[in-house]
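Have a go at each one before reading its solution.

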Amino acid sequence: MKRKMMKAMTAVLLTAALSIGLVGCGSTKPAEQAEPETESSDEEGGGEEERTGRIGISMPTQSSQRWIIEGNEMKNQLEAMGYTVDLQYGEDLVEHQVNQIENMLTKEIDVLIVGAIDSGAMTDIVKKVKDSGALVIAYDRLLMNTENVDYYATFDSIRIGELQGGYIVDKLGLEEGKGPFNIELFAGSLDDNNTALYWEGAMNKLTPYIDNGMLVVKSGQTDMNQCATLRWDGAEAQKRMDNILSSAYSDGSHVDAVLAPYDGISIGVLSSLKAIGYGSEDMPFPIITGQDAEIPSIKSILAGEQKQTVFVNVKNLASVAVTMADQYLSGEEVEVNMVDYYDNGVKKVSGMAIDATSLDIENAVDELVGAGYYTEEEIME
Ligand code: GAL
């Protein structure tokens, strides 16, 4: 039901798409709106408004390229508008992230944009942030079990899972009645709210074929909790795949598909497969999905190893969060396309959801270079 509503809303709203491909169907204001700190400097910037205000950006880690791209993108955009930005990375240590935000508070931030390491572990710190009077924007990962989140900037996560599951269905020819095929399933980190949404989307596509026997999970591990990968760590995924291969595939049967929700996991799974000889004519690589269009994965796709990734244009997501912060600090209404929608256990958070694109060997270079996301040299070198 929710899903249908969302689709319908998105369809209606597409007509009002903004330049970066977003839509805005509603706007809400947080209860305590700060005094806008806007001033104009007509002499400089050709009549453009020069803003003031301090924004803290707390990102989860630099171990995945995407957060570096979007952290820098937000910082550059906001600084170009005149804001002061404090960008920090928690390096996947919750305590570290909390301390960094504490530190931002001593410098009196007006807005916090936070991509949580652990979606549920931020309740105390975001309460402090709200108590200080700042706006809280959850970035990519929702802040769970707290009232103290104003907006959510996100991709349409269920749709991302559907792109991954749907790719496997397509490439194996399941709709044409081909099969049975062996598949293994990987999920993300259980402390990340997106994990269940990606899983839901992927399983929407895969479950009918698991149920009718055309997809066989030889490990027997079909529960999200069994398939999870703490902190999205590729080495963890590699270990789990090693175990699966030695326990369920030692009879020589072939893995035909692997659902992987994120490129780091896909690369870990590939290492495990390569170690036992996959990648030859007799043992072709399975259909392996992914997400984030990281350079190692794009190279892997072009080499015929990983088969797909979902391109979440994080520069666009960065622009969403920048616009939210800027609208708020300029005293404008904050635009959202999902009103009171994302249930975090305590409230339904309003947000802006943007779409993602499935990439494989056919379209990866064109899409990524076309979007100005990477240069051809970065991908090809
Ligand atoms: C998720 C995010 C994914 C991927 C993953 C690993 O929260 O939605 O796109 O980046 O983290 O960092």
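**Exercise 1.** Find how many residues lie between strand 15 and strand 16 in their hairpin, and which turn residue has a positive phi.

*Solution.* This is a predicted model, and we begin with the strands themselves: strand 15 covers residues 338-343 and strand 16 covers residues 348-354. The two form a hairpin with four residues between them. In that turn, G345 has a positive phi of about 100 degrees. Next, look at the pairing: the strands run antiparallel and are joined by three bridges. Among the bridged residues is Y342, whose partner in strand 16 is V349.

**Exercise 2.** Work out how helix 3 is oriented relative to helix 4, and list the residues that make the contact.

*Solution.* Start with the axes of helix 3 (residues 94-106) and helix 4 (residues 123-131), which come within 10 Å and cross at roughly 10 degrees. Angles under 35 degrees count as roughly parallel, so helix 3 is roughly parallel to helix 4. Now the residues: helix 3 brings V98, I101, E102 and L105, and helix 4 brings I125, K128 and V129. Sorted by class, this contact has five nonpolar, no polar and two charged residues.

**Exercise 3.** Describe the crossing of helix 5 and helix 6, including its handedness.

*Solution.* First, the geometry: the axes of helix 5 (residues 157-172) and helix 6 (residues 193-211) come within 7 Å, crossing at roughly 35 degrees. Second, the handedness: the crossing is right-handed.

Terms used:
Residues numbered from 1 in each chain as written. Predicted model: local features only at pLDDT ≥ 70, side-chain atom pairs only at ≥ 80, totals over all residues. Heavy atoms only, no water. Axes fitted to C-alpha atoms, helices over the stretch in contact; angles between N-to-C directions. Left-handed = near helix turned anticlockwise from the far one by under 90°. Pairing = 2+ DSSP bridges. Parallel < 35°, antiparallel > 145°, perpendicular 65-115°, else oblique. Contact = heavy atoms within 4.5 Å. Nonpolar A, V, L, I, M, F, W, Y, C, P; charged D, E, K, R; others polar.
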